[in-house]
Amino acid sequence: MISTPMANSPEEDSWICFDCGSTHEGVCTFCDQAAALVLNMDMCSDCYQIRLAKF
């Protein structure tokens, strides 16, 4: 995974996997997995639910 601008949106970076060629919204700062991030919190939905369950 690398973060790089794409030709169709050069003003913002996208996460691209060179293994499968798919793009992702970002990488979770808690589990380091590529995923769609929740509420601009830099965490995936799984990590978000785990942390929310503690409350």
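Buried residues, meaning those under 20% relative accessible area with a 1.4 Å probe and protein chains only, make up 22% of the 55 residues in the protein. The structure is a predicted model, in which local features need pLDDT of at least 70 and side-chain atom pairs count only at pLDDT 80 or more, whereas totals for chains, interfaces and linings use all residues. Residues are numbered from 1 along each chain as its sequence is written, and side-chain values use heavy atoms, with hydrogens and water left out.

The protein has one helix and five strands, where helices (H or I, at least four residues) and strands (E, at least two) are DSSP runs numbered from the N terminus, and along the sequence these elements follow the pattern β-β-β-β-β-α. An open sheet of three strands has the order β1-β2-β3 with antiparallel pairing, two strands being paired if DSSP finds at least two bridges between them. Because β1 (2–6) and β3 (23–24) stand at the edges, each with a single partner strand, one side of each is left without a neighbour in the sheet.

Five bridges join β1 to β2, and these two strands form a hairpin with two residues between them. Strand β2 (residues 9–16) is joined to β3 by two bridges. Ile-16 in β2 stands opposite Ile-2, and Ile-16 also stands opposite Thr-23 in β3.

The radius of gyration, taken over C-alpha atoms, is 13 Å for the protein, whereas a compact globule of 55 residues would have one near 10 Å, by the rule of 2.2 Å times the number of residues to the power 0.38. The C-alpha atoms fill a box of roughly 40 × 25 × 10 Å along the principal axes.

Conventions: Buried < 20%, exposed > 50% of the residue type's maximum accessible area, 1.4 Å probe, protein only.
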